[in-house]
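Take a look at the model below.

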Amino acid sequence: MASFSNLLQTTVGRKILTGVTGIFLILFLVAHLAGNLTLFAGDGGEAFNLYAVFLHDLGPLLWIAELGLIILFGLHAYIGIKIYLGKKKARPVDYTYYQSQGGPSKQTFASKTMLISGMVILLFVILHVLHFKYNFFMPQMMVDNPAGGQMIDLAGHVEQAFLNPWIMLAYTAVMLLIGLHLKHGVWSAFISLGAKNPKLVPVLYTVGGIVAALLAVGFLIIPVFIFFNGGLL
Amino acid sequence: MSTHDLITVHLKVWRQNGPNDRGHFEDYTLKDITTHMSFLEMLDVLNENLMKEKKTPVEFDHDCREGICGSCNLVINGIPHGPQMRTAACQLHMRHFKDNETITIEPWRAKAFPIIKDLVVDRNAFDRIMEAGGYVTMATGNAPDANAVPISKVEADSAMDYAVCIGCGACVASCPNSSASLFTGAKIAQLAKLPQGAPERKKRVIAMVEQMEKEGFGDCSNYGECEAVCPVGISISAIATMRTEYVKALF
């Protein structure tokens, strides 16, 4: 019989897990973006730095959140790879000639490249954490904390990074890729988690596209702005 | 659409002499095909020509030829049931093809639908999914009174939208992952909408989903290609319903 432990054993269970982890990852992106947008506070990055201090001070709560994110990412990617590998098994002899019917089909560039965009995003996330959390590519900078003492100047770190055209371009490209992934992903999550009304289906596809575009633009505006403005406000 | 009344078509037909044969494409040219012919009638002409030449005719599945039996499983120019939406291959007419057009005809391709010969595949996997749970329990004896079980018009219509599935397998054939989710989802959604389906509701969704897995169908990635090729236009919301039914069955 079915139970939560064998959700991974059926296509329906796997898709529900993909949808649930996907929704949580989107919520994470929304929170992340909200934090990032404090860079536009016009205070040279102080609000952003204080937000980073606040997160650091959460201590064990932050570790739990980080562990949760690793599990979400891992499970989401694991199922995605498993689905991709299952394709060949389910159709050992492929069509010589195949095309999409169009119409209500959601077989688009975005949906057909979910594995590739997903893999690039995974690689990006690893490099991104090494870049800004573990200072792998740049030395850590310090700045005065208005509450006294010193704090890590993460905003300065961000500013330095995005003044480099290559880093700016690489981040912008990945953000566009995240938008592409979410163009199919947001809608797909709705269907995976039970959008049962046939009339709602096309509406949700549009909503998914808008959410994807807003998130992508929200994130990429930061490197683009910093580069062309020559620094933070 | 062609303005010609009589057209010439060049066919590339998949020939495979049994499940273990490698299979290959064979080219045929048919002259003077009237555009009023159905696609299957055009194949009948091909087979008559082949028989006159003492060659083995092309095996293809067909039965009612009016779009309700779900037998005619042909991938025409890369699309299950061909270029016209909401149309089974038997209801497709030759007026949708141009003069001198090359038409590729392939069988459904999926591990769960092994090829028997040429364009004929074994779709018993669908029957086994139905045996696993696509039925209802009801009292035998005299026919029940009409309206003894009240069902709202909205629910009845919605159940009917899923019940129109003819089990042709185009959803599997069109799916990049060869998933049978639209078929299984339609059957589950239809019975979930009706009080007659209530007694086995939880058992049904688990059993049918597990059987679908055992048959070797692939995963659903919400491509929605199935809905686009479905000859009766079943919405992908059938798959969403299957998933919510599955979650309900977990509790």
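Two residues count as in contact when their C-beta atoms, placed from the backbone, lie within 7 Å. Keep that cut-off in mind, and note that this is a predicted model.

Start in chain A. Helix α5 of chain A covers residues 114-132, which is 19 residues. From first C-alpha to last it reaches 26 Å, close to the 27 Å expected at 1.5 Å a residue. Its buried residues are M114(A), S117(A), G118(A) and I121(A). Viewed down the axis of α5(A), these fall within an arc of 95°, so they line one face of the helix. What do they pack against? The partners are α3 (60-90), α4 (109-112) and α7 (165-192) of chain A. The face of α5(A) turned away from the buried side carries exposed L123(A), I126(A) and L130(A).

Now chain B. It has eight helices and seven strands. Its C-alpha atoms fill a box of roughly 60 × 40 × 35 Å along the principal axes. Of its 251 residues, 46% are buried. Among contacts between residues at least 6 apart in sequence, 72% join residues at least 24 apart.

Finally, look at one helix pair in chain B. Helix α5 (residues 181-192) and helix α6 (residues 201-214) of chain B pack at about 175°, their axes 10 Å apart. The angle is over 145 degrees, which makes α5(B) roughly antiparallel to α6(B). On α5(B), the contact is made by T184(B), K187(B), I188(B), L191(B) and A192(B). On α6(B), the contact residues are R201(B), R204(B), V205(B), M208(B), V209(B) and M212(B). By class, this contact has seven nonpolar, one polar and three charged residues.

Technical notes
Residues are numbered from 1 along each chain as its sequence is written. Chains are lettered from A and ligands numbered from 1 in the order in which they are written. This is a predicted model: local features need pLDDT of at least 70, side-chain atom pairs count only at pLDDT 80 or more; totals for chains, interfaces and linings use all residues. Helices (H or I, at least four residues) and strands (E, at least two) are DSSP runs, numbered from the N terminus. A residue is buried if 20 or more other C-beta atoms lie within 10 Å of its own, exposed if 12 or fewer, and partly exposed in between; C-beta atoms are placed from the backbone. Axes are lines fitted to C-alpha atoms, for helices over the stretch in contact, and angles run from 0 to 180 degrees between N-to-C directions. Angles under 35 degrees count as roughly parallel, over 145 as roughly antiparallel, 65 to 115 as roughly perpendicular and the rest as oblique. Ala, Val, Leu, Ile, Met, Phe, Trp, Tyr, Cys and Pro count as nonpolar, Asp, Glu, Lys and Arg as charged, and the others, Gly among them, as polar. The expected span of a helix is 1.5 Å times one less than its number of residues. The arc is that of the directions from the helix axis to the C-beta atoms.
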